[in-house]
Amino acid sequence: MTILEQMLLKNKCFVNSTALIDEQSSNNVGKLPKRKLAVFTCMDTRLVDFLEPALGLRREDAVVIKNAGNSVTGPFEATIRSLVIAIYELGVQEIIVIGHEDCGVAHSSADTVIDKMLARGISPDAIKMIKDELAVWLDTFHHPHDNVCQVVAKIRNNPLIPKDVPIHGLMFDPHTGEVSVLVSGYGSETV
């Protein structure tokens, strides 16, 4: 059975469970985040079903945005666009950037990713289009703590993000669930 077939079977069981339907029904859950919060974090699988409970967040509490290494690479790239919609359309009033210990992106490099792309049949011409951007992103991300502080600054200094939106920077331990504050958005100080 393929992964997709397994997921569809699980979905059928989920939908047919009346207890789950009553508890999880989208009729009971709104699309606006109740806590007026956006969480921007990494796509690491160790954070799934672990990060949100560790922060006391439940379904409907926050908008959650994820990408590799919780990175912001430009003034209007996908993360910034998502935050703009979260603020202006969904009522988000606070942003938390969360990096994590032992981030895989910190151990990556443009050269190793390019080698793997070539081995999988990606055209060298296609790689030329993104090589410089890939290097700027991967070859400068080696310290997740620094990355969180830099991402907070990029979001804070983006002219599309209102100055009255606090932007915090946290680190998460994917082994213990412990969170530490690197940047408090309630003041200009770094913790």
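Q: Helices (H or I, at least four residues) and strands (E, at least two) are DSSP runs, numbered from the N terminus; in what order do the elements of the protein chain run?
A: This is a predicted model, in which local features need pLDDT of at least 70 and side-chain atom pairs count only at pLDDT 80 or more, while totals for chains, interfaces and linings use all residues. Residues are numbered from 1 along each chain as its sequence is written, and side-chain values use heavy atoms, with hydrogens and water left out. The protein chain holds seven helices and five strands. From the N terminus on, the order is α-α-β-α-β-α-β-α-α-α-β-β.

Q: Which strands stand at the edges of the sheet?
A: Two strands pair if DSSP finds at least two bridges between them. The five strands form an open sheet with mixed pairing, in the order 2-1-3-4-5. One side of each edge strand is left without a neighbour in the sheet, because each has a single partner strand; these are strand 2 (62-67) and strand 5.

Q: What is the bridge partner of Val 39 in strand 2?
A: Strand 1 and strand 2 run parallel and are joined by six bridges. Within strand 2, Val 39 has as its bridge partner Val 64.

Q: Which residue takes a positive phi in the hairpin of strand 4 and strand 5?
A: Strand 4 (residues 167-172) pairs with strand 5 (residues 179-183) in the antiparallel sense over four bridges, and Leu 170 stands opposite Val 181 in strand 5. The hairpin has six residues between the strands. The positive phi, near 85°, belongs to Gly 177.

Q: What angle does the direction of helix 7 make with that of strand 4?
A: Angles run from 0 to 180 degrees between N-to-C directions, and axes are lines fitted to C-alpha atoms, for helices over the stretch in contact. Helix 7 (residues 144-156) packs on the sheet and touches strand 1, strand 3, strand 4 and strand 5, where contact means heavy atoms within 4.5 Å. Its direction and that of strand 4 make about 165°.

Q: Are helix 5 and helix 6 roughly parallel or roughly antiparallel?
A: Angles under 35 degrees count as roughly parallel, over 145 as roughly antiparallel, 65 to 115 as roughly perpendicular and the rest as oblique. The axes of helix 5 (residues 110-119) and helix 6 (residues 124-138) come within 9 Å and cross at roughly 155°. Helix 5 is therefore, relative to helix 6, roughly antiparallel.

Q: How many residues apart in sequence are the parts that the aromatic pair ties together?
A: Rings of Phe, Tyr and Trp (its six-membered ring) pair if their centres lie within 6.5 Å; planes under 30 degrees apart count as stacked, over 60 as edge-to-face and the rest as tilted. The structure holds one such pair: Phe 50 and Phe 172, edge-to-face at 5.4 Å centre to centre with 75° between the planes. Phe 50 lies in the loop between strand 1 (37-42) and helix 3 (51-54) and Phe 172 in strand 4, so the separation in residues is 122.
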